[in-house]
Amino acid sequence: MYSTPSTAPIAAAGPMQRRVDPYADNGGTAVAIAGEDYAIIAADTRQSDGYLINSRYAPKAFQLSDSSVVACCGFYGDATALASHLSQRMEQYQYAHDKPMSTPALAQMLSNTLYGKRFFPYYVHNILAGVDADGKGCIFNYDPVGSFERYRWQAAGSGVALIQPFLDNQVGFKNMAQEANPPFLPLEKALQLVKDAFTSATERDIYTGDQVEIFVITKNGVEKLSYDLKKD
């Protein structure tokens, strides 16, 4: 004997809300050190979404000129969009003034760009590195809405809690005897510290890894180096 299915109406569910999140945190770490006549900026290439690795080569450091490189950590879509926008603005500046934009001028333009998007901000943490008109290394660190300050060393991204104390101690000589410490590190020493910082961060931060791209900026131009990191 067969039974017929019930035709009783199903109680209507309560009101439902549909939400779209326009942002995602794709991880990644950036490090920058400024010397007396150089600046180093580095970022890893892993792009993640939670426990999923979307790409093992998604560069987060973008060369904008022969004297400036910007690193963007956070939402990778916003990072590439911001780098493209800055590159276009710098081309316009070149055509209008018949000279390349200096790093301090680029720092102010980046601040204005971020502030102009403050009501729907770029979801990225930016570090700009380069050399100024005197050939001295300079680093500018930003919050998402354009507030910035010049530093001698800085870290950003998912590994910042691991790397920033290391830089404070090894570059800024915090909590160390001050009398024998140089004001600026030699270039070779700074390069080794950057490699050590990323090697250590990959042991504890799953959002950092695969490869680190290191940009060395001097008055003679930009040199790009690559260094393999853990891939698990």
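Keep in mind that this is a predicted model. Start by selecting Ala190, Leu191, Leu193, Val194, Ala197, Phe198, Ala201 and Thr202: these residues of H4 are buried. The buried residues fall within an arc of 165 degrees, so they line one face of the helix. Next, pick out Glu188 and Glu203, exposed residues on the face of H4 turned away from that buried side.

While you're there, check the helix length. H4 covers residues 187-204, and its 18 residues should span 26 Å at 1.5 Å a residue; the C-alpha atoms at its ends sit 27 Å apart, which agrees.

What do the buried residues of H4 pack against? Color strand S1 (29-34), strand S2 (39-44), helix H3 (160-170), strand S11 (211-218) and strand S12 (221-228), and you have the partners.

**Into the core**

Stay in this area and select Ile33, Ile40, Leu167, Val194 and Ile214. Within the largest nonpolar core, which has 23 residues, these are the ones with the most contacts. S1, S2, strand S10 (153-157), H3, H4 and S11 each supply at least two of the core's residues, and H4 gives the most, with seven.

Zoom in on Ile40. Leaving aside residues up to four places away in sequence, Ile40 touches Val31, Ala32, Ile33, Leu187, Ala190, Leu191, Val194, Ile214, Phe215 and Val216. Then jump to a second, separate core: this one has 21 residues, including Leu82, Met90, Ala107 and Met109.

**Two loop stops**

Go to Asp98, in the loop between helix H1 (76-97) and helix H2 (103-116). Asp98 isn't a glycine, yet its phi is positive, at about 60 degrees. Now hop to Asp210, in the loop between H4 and S11. Here too phi is positive, near 75 degrees, in a residue other than glycine.

**Last stop: the cysteines**

Cys72 counts as buried, at 2% relative accessibility. Finish on Cys138, buried at 0%. Its closest cysteine sulfur is in Cys72, 16 Å away and too far for a bond.

Conventions: Residues numbered from 1 in each chain as written. Predicted model: local features only at pLDDT ≥ 70, side-chain atom pairs only at ≥ 80, totals over all residues. Heavy atoms only, no water. Buried < 20%, exposed > 50% of the residue type's maximum accessible area, 1.4 Å probe, protein only. Disulfide = S-S within 2.5 Å. Helix = DSSP H or I, 4+ residues; strand = E, 2+ residues; numbered from the N terminus. Expected span 1.5 Å × (residues − 1). Arc of directions from axis to C-beta. Contact = heavy atoms within 4.5 Å. Core = buried A, V, L, I, M, F, W, Y, C linked by side-chain atoms within 4.5 Å.
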